[in-house]
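User: Hi! I have a model open here and would like to talk through a few of its details with you. Could we start with the aromatic rings?

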Amino acid sequence: AYDHWRGQLGRGSAWFGAVEPGALTLGLLQQGRWCGLRTLRLPGSPDAGWLAQLPALQAQIAVGAGLSGPPEAPLHLAACTTQPAPDRDLGVVWHAPAGAAAAAGGLARMAWGI
C-alpha cells in the first residue's frame with residue numbers, strides 16, 4: 001500500500017498506515033525515512049477497535065524513535081475496511097482503491113493496495 005500511495009505523502013513528516021480486517025499497521029516517516037513501523041492485531045470483528053488503538057500505536061512508535069511524543073504530522077491511512085463515520089473529524093487522508101470494501105481476505109487482502 002505504501003509503494004502505491006507514497007507519491008501523495010509529500011517530503012516532510014507523515015504517518016502512514018494500513019487498516020485491514022483484523023490488523024492495523026502504522027509507520028512514521030520523517031524526511032522520507034522510516035522512523036518506526038508497527039503492526040497491531042485486532043481481535044473480534046474486522047473493523048473492531050482500530051480507531052481506539054491508533055493513539056497508543058502512535059505513542060509506541062514515537063517512543064521507539066526517541067521522540068518525546070507523537071509528532072504533529074499528517075495521518076494517511078490506506079483502508080480496505082470501512083472508514084469512520086464522516087461526522088468524526090480525524091484529520092485523516094484516506095486512500096482506498098475502488099472496490100476496497102470487498103477486499104476482505106486471502107489474496108484480495110494482500111493485494112488491496114494496488
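Analyst: Happy to! Tyr-2, Phe-16 and Trp-34 are linked by ring pairs into a cluster. Keep in mind that this is a predicted model.

User: How many aromatic pairs is that?

Analyst: The count comes to 2 aromatic pairs. One of them joins Tyr-2 and Phe-16, with 5.7 Å centre to centre and 75° between the planes. That pair is edge-to-face, because the angle is over 60 degrees.

User: Where do Tyr-2 and Phe-16 sit in the chain?

Analyst: Tyr-2 is in helix α1 (residues 2-5) and Phe-16 is in strand β1 (residues 14-20). They are 14 residues apart, so the pair links distant parts of the chain.

User: And is Phe-16 buried or exposed?

Analyst: Phe-16 counts as buried, at 5% relative accessibility.

User: Nice. Switching to helix α2, what span should it have?

Analyst: Helix α2 covers residues 50-64, and its 15 residues should span 21 Å at 1.5 Å a residue. The C-alpha atoms at its ends are 20 Å apart, which agrees.

User: Which residues of α2 are buried?

Analyst: In α2 the buried ones are Trp-50, Leu-54, Leu-57, Gln-58, Ile-61 and Ala-62. As background, an α-helix has 3.6 residues a turn, so residues three or four places apart point the same way.

User: What covers those buried residues?

Analyst: The cover over the buried residues of α2 includes β1, β2 (23-30), β3 (33-41), β4 (75-79) and β5 (92-95).

User: What about the backbone just after α2?

Analyst: There, Gly-66 takes a positive phi of about 80°.

User: Which residue has a positive phi although it is not a glycine?

Analyst: Gln-31 does, with a phi of about 50°. In general, most residues other than glycine have a negative phi. Gln-31 is placed in the loop between β2 and β3. With a relative accessible area of 58%, Gln-31 is exposed.

User: One last thing: where is His-76 found?

Analyst: His-76 belongs to strand β4. It counts as buried, because its relative accessibility is 6%.

User: So what is His-76 in contact with, leaving aside its neighbours within four places in sequence?

Analyst: His-76 is in contact with Gln-8, Leu-9, Ala-14, Trp-15, Phe-16, Gly-17, Val-93 and His-95.

Notes:
Residues numbered from 1 in each chain as written. Predicted model: local features only at pLDDT ≥ 70, side-chain atom pairs only at ≥ 80, totals over all residues. Heavy atoms only, no water. Phe/Tyr/Trp six-rings, centres within 6.5 Å; stacked < 30°, edge-to-face > 60°. Helix = DSSP H or I, 4+ residues; strand = E, 2+ residues; numbered from the N terminus. Buried < 20%, exposed > 50% of the residue type's maximum accessible area, 1.4 Å probe, protein only. Expected span 1.5 Å × (residues − 1). Contact = heavy atoms within 4.5 Å.
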